[in-house]
Amino acid sequence: MSRKLLLTLLALLAAPVSPAAAQEAAKGIHFELNKAETVNGTCRVTLVTRNDMASALKAFSVDLVVFDDAEGVAGYAAIDIGALPAGKTRVRQYDVAKGDCGGFSRFLVNDVRACEGASGEVQDCLGALRLSSRTKIDLVL
């Protein structure tokens with residue numbers, strides 16, 4: 001890579017992000033794996049979901065695939081968040097797979113099962129997801 005190109009890339013990376021650009025990047029549906037604990041031989045997760053889109057969702061649910069430490073599929077779960085008003089944060093718990101949570105490496109949001117606004121299906125809800133995890137288990141698209 002040429003020195004000029006490298007300096008240009010470094011300058012772009014160091015450039016401050018405008019508040020409007022940061023606000024636009026923050027829009028979407030924030031979906032956080034907040035906690036994972038084993039309860040009676042089943043992995044129970046606590047999910048925090050926040051709707052930072054401009055409009056309310058009448059229904060929101062995702063298809064979650066659970067992978068074990070050997071990258072094998074260990075389970076599937078339909079996660080139904082329900083209605084999610086604009087600006088609303090919702091915390092819910094779900095039993096996602098049989099087994100110890102410590103044996104799972106990642107959860108894949110395989111698809112958005114439902115994403116309905118006031119006037120019908122919302123386009124590109126999968127693209128609007130902003131994923132994060134506060135656990136050792138990765139949450140990925």
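Me: What makes two strands a pair in this predicted model?
Reply: Strands are DSSP runs of E with at least two residues, helices are runs of H or I with at least four, and both are numbered from the N terminus. Two strands pair if DSSP finds at least two bridges between them. Strand β2 (residues 42–51) and β5 have nine bridges in the antiparallel sense, so they count as paired. V48 stands opposite V91 in β5. The model is predicted: local features need pLDDT of at least 70, side-chain atom pairs count only at pLDDT 80 or more, and totals for chains, interfaces and linings use all residues. Residues are numbered from 1 along each chain as its sequence is written, and side-chain values use heavy atoms, with hydrogens and water left out.

Me: Why are β5 and β8 called edge strands?
Reply: The open sheet has the order β5-β2-β1-β8, with mixed pairing. β5 (89–98) and β8 (129–133) each pair on one side only.

Me: How do you know that C43 and C101 form a disulfide?
Reply: A disulfide is a pair of cysteine sulfur atoms within 2.5 Å. The S to S distance of C43 and C101 is 2.1 Å, so the pair meets the cut-off.

Me: What does the link of C43 and C101 tie together?
Reply: C43 lies in strand β2 and C101 in the loop between β5 and β6 (104–117), so parts 58 residues apart in sequence are tied together.

Me: What makes C115 and C125 a disulfide?
Reply: Their sulfur atoms are 1.6 Å apart, so they too fall within 2.5 Å. C115 lies in strand β6 and C125 in helix α3 (residues 125–128).
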